[in-house]
Amino acid sequence: MTIKPFLVNPALYDLDKPITDIVGIRKYNSQRFEMEQLTAIVYENIEEQVSVGYKDLTDKEFWVRGHMPDYPLMPGVIMCESAAQLASYFVTKYDLFQGAVMGFAGLEEVKFRGMVRPGDRFVVQASLLKLRRILVTARFMCLVDDNIVCEGVLKGVPLRLT
């Protein structure tokens, strides 16, 4: 069996030393309250157009009570939302859409490979594949304990929120 390579080598970042916390993420992402799906950013490389962030999951997540009572599992759509928020953070921070934020436009090739539960540190890696004036395409990979739990390709479009 071939082992799939990570988008970003985990040796390049330290999960215990974030470079941006939730306050810094809020400068670029509009999501608040239950919809904030990132806790910190631990790696950014503008030249390679990659970033890594994570969310520390607790038993207080909005989905815990109803998504598999007695055995809470993070919904796949929320995993994908986390990846979209990481890509949006990167695109907005580096002004790659020239004054616009990134809105979620689509998903391709998504695969779910493992369970994500309260207590997990849910790590998201994103790598921009294409950047055009009206569309960004990014590959993403989600990890728990260096195990791939979700991966795919997401698309984003510029949104002007004024």
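**Close-up views of a predicted model**

**View A. Glutamine 125, a buried residue in strand 4.** Glutamine 125 has a relative accessibility of 0% and so counts as buried, the cut-off for that word being under 20%. This is a predicted model, so please read each view with that in mind. Glutamine 125 belongs to strand 4. Look for valine 52 beside this residue: the two C-alpha atoms are 4.4 Å apart in space, although 73 residues separate glutamine 125 from valine 52 in sequence.

**View B. Arginine 121 meets aspartate 56 and aspartate 16.** Here we stay with strand 4, which covers residues 121-131. The side chain of arginine 121 forms a salt bridge with that of aspartate 56, at 2.7 Å from N to O. Because arginine 121 sits in strand 4 and aspartate 56 in strand 2, this pair ties together parts that are 65 residues apart in sequence. Arginine 121 also meets the side chain of aspartate 16 in a salt bridge, this time at 3.6 Å, N to O. Aspartate 16 comes from the segment before helix 1, so its pairing with arginine 121 in strand 4 ties together parts 105 residues apart in sequence. How accessible are these residues? Arginine 121 is partly exposed at 25% relative accessibility, and aspartate 56 is partly exposed too, at 30%. Aspartate 16, at 64%, counts as exposed, since the cut-off for that class is over 50%.

**View C. Glutamate 151 and lysine 4 bridge distant parts of the chain.** The side chains of glutamate 151 and lysine 4 meet in a salt bridge of 3.3 Å, N to O. The partners are 147 residues apart: glutamate 151 lies in strand 6 (residues 147-159), and lysine 4 in the segment before helix 1. As background, side chains of opposite charge can pair when their charged atoms come close. Across the whole structure, a search finds 10 salt bridges.

View D. Met68, Tyr71 and Met115 together make a nonpolar surface patch of about 310 Å².

View E. How many cavities of 30 Å³ or more does a search of the whole structure find? The search finds 1. The largest cavity holds about 40 Å³ of space. Its lining is made by Ile22, Ile25, Arg26, Asn29, Gln31, Arg32, Glu36, Gln37, Leu38 and Gln85. Which element gives the largest share of this lining? Helix 1 (residues 22-26) does, with 3 residues. By residue type, the lining divides into 3 nonpolar, 4 polar and 3 charged residues. As background, rolling a probe the size of a water molecule over the atoms shows where empty space is left.

Notes:
Residues are numbered from 1 along each chain as its sequence is written. This is a predicted model: local features need pLDDT of at least 70, side-chain atom pairs count only at pLDDT 80 or more; totals for chains, interfaces and linings use all residues. Side-chain values use heavy atoms; hydrogens and water are left out. On a 1 Å grid over the protein atoms alone, a cavity is a set of points where a 1.4 Å probe fits but cannot get out, and a pocket is an open set with protein on both sides within 12 Å along at least five of seven lines; lining residues have an atom within 4 Å of a point. Grid points are joined across faces, edges and corners, and a volume is the space filled by probe spheres set on the points. Helices (H or I, at least four residues) and strands (E, at least two) are DSSP runs, numbered from the N terminus. Ala, Val, Leu, Ile, Met, Phe, Trp, Tyr, Cys and Pro count as nonpolar, Asp, Glu, Lys and Arg as charged, and the others, Gly among them, as polar. Patches are made of residues with over 30% relative accessible area and no salt bridge: like charges are joined within 9 Å, nonpolar side chains (Val, Leu, Ile, Met, Phe, Trp, Tyr) within 5 Å. Accessible areas come from the Shrake-Rupley method with a 1.4 Å probe; for residues, only the protein chains shown count as cover. A salt bridge is a side-chain nitrogen of Lys or Arg within 4 Å of a carboxyl oxygen of Asp or Glu. Buried means under 20% relative accessible area, exposed over 50%, partly exposed in between (1.4 Å probe, protein chains only).
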